[in-house]
Amino acid sequence: QVQLVESGGGLVQAGGSLRLSCAASGISGSINAMGWYRQVPGKQRELVATITSGLTTNYADSVKGRFTISRDNAKNTVYLQMNSLKPEDTAVYYCWAYWGRGFWGQGTQVTVSS
């Protein structure tokens, strides 16, 4: 059974930093791609960043230059370093992994106060 377990969310002031982690279990071999999405109430879930097994990255324009995605293939873990956080980054952040099909984590709340 595939599970994605996120950690690292919380409350931070604008301009601060947080680091999210997501560990995948129940998967044998390399995960094709992993990433982070976020969602606020009443809006669609949106892409934040993705990273392939070959370490090719993709970012939403709104986070470029502030967020950095990385992964440890040996541990099937993906990270999201979030710097210069803004109130509009407030959302539930979901880990995503593609291994034959897409899998989602349970989400972790990130709140940025002004």
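Residues are numbered from 1 along each chain as its sequence is written, and side-chain values rest on heavy atoms, with hydrogens and water left out. Because the model is predicted, local features were required to have pLDDT of at least 70 and side-chain atom pairs were counted only at pLDDT 80 or more, whereas totals for chains, interfaces and linings use all residues.

The protein chain contains zero helices and eleven strands, where helices (H or I, at least four residues) and strands (E, at least two) are DSSP runs numbered from the N terminus. The radius of gyration, taken over C-alpha atoms and compared with a globule rule of 2.2 Å times the number of residues to the power 0.38, is 13 Å for the protein chain, close to the 13 Å that the rule gives for 114 residues, so the chain is as compact as a globular protein of that length. Along the principal axes, the C-alpha atoms fill a box of roughly 45 × 25 × 20 Å. Of the 114 residues, 43% count as buried, a class defined by a relative accessible area under 20%, with exposed meaning over 50% and partly exposed the range in between (1.4 Å probe, protein chains only). The protein chain exposes about 5,900 Å², of which carbon and sulfur atoms supply 48%; accessible areas come from the Shrake-Rupley method with a 1.4 Å probe, and for residues only the protein chains shown count as cover. Among contacts (heavy atoms within 4.5 Å) with a separation of 6 or more, residues 24 or more positions apart account for 53%.

Strand 8 (residues 77-82) is mostly covered, five of its six residues being buried. Pairing between strands, which requires that DSSP find at least two bridges between them, links strand 8 to strand 3 through six bridges in an antiparallel arrangement, and six bridges likewise join strand 8 to strand 7 (residues 67-72), again antiparallel. Strand 7 and strand 8 form a hairpin with four residues between them, and Asn76 in the turn has a positive phi of about 50 degrees.

Ser21, which lies in strand 3, counts as buried because its relative accessibility is 17%. Leaving aside neighbours within four places in sequence, Ser21 is in contact with Val5, Glu6, Ser7, Trp36, Val78 and Tyr79. Val78, located in strand 8, has a relative accessibility of 0% and therefore also counts as buried. When residues up to four places away in sequence are not counted, the residues touched by Val78 include Leu20, Ser21, Met34, Ile51 and Ile69, together with Cys22 and Cys95. Trp36 is another of the residues in contact with Val78, and the C-alpha atoms of these two residues, 42 residues apart along the chain, are separated by 8.7 Å.

One disulfide is found when the term is applied to a pair of cysteine sulfur atoms within 2.5 Å. The bond is formed by Cys22 and Cys95, whose sulfur atoms are 2.0 Å apart. The pair links distant parts of the chain, with Cys22 in strand 3 (residues 18-25) and Cys95 in strand 9 (residues 91-98), 73 residues apart. The torsion about the S-S bond of Cys22 and Cys95 is about -80 degrees, so the disulfide is left-handed. Both Cys22 and Cys95 are buried.

The count of salt bridges is four, under the criterion of a side-chain nitrogen of Lys or Arg within 4 Å of a carboxyl oxygen of Asp or Glu. Arg38, buried at 7% relative accessibility, forms a salt bridge with Glu46 (2.7 Å, N to O), whereas Glu46 counts as partly exposed at 38%. Arg38 also meets the side chain of Asp89 in a salt bridge (3.0 Å, N to O). Because Asp89 lies in the loop between strand 8 and strand 9 and Arg38 in strand 4 (residues 33-39), this pair ties together parts that are 51 residues apart in sequence. Asp89 is itself buried, at 1% relative accessibility. Salt bridges that share partners join Arg38, Glu46, Arg66 and Asp89 into one network. A further salt bridge connects the side chains of Asp61 and Lys64 (3.1 Å, N to O), and Asp61 counts as exposed at 64% relative accessibility.
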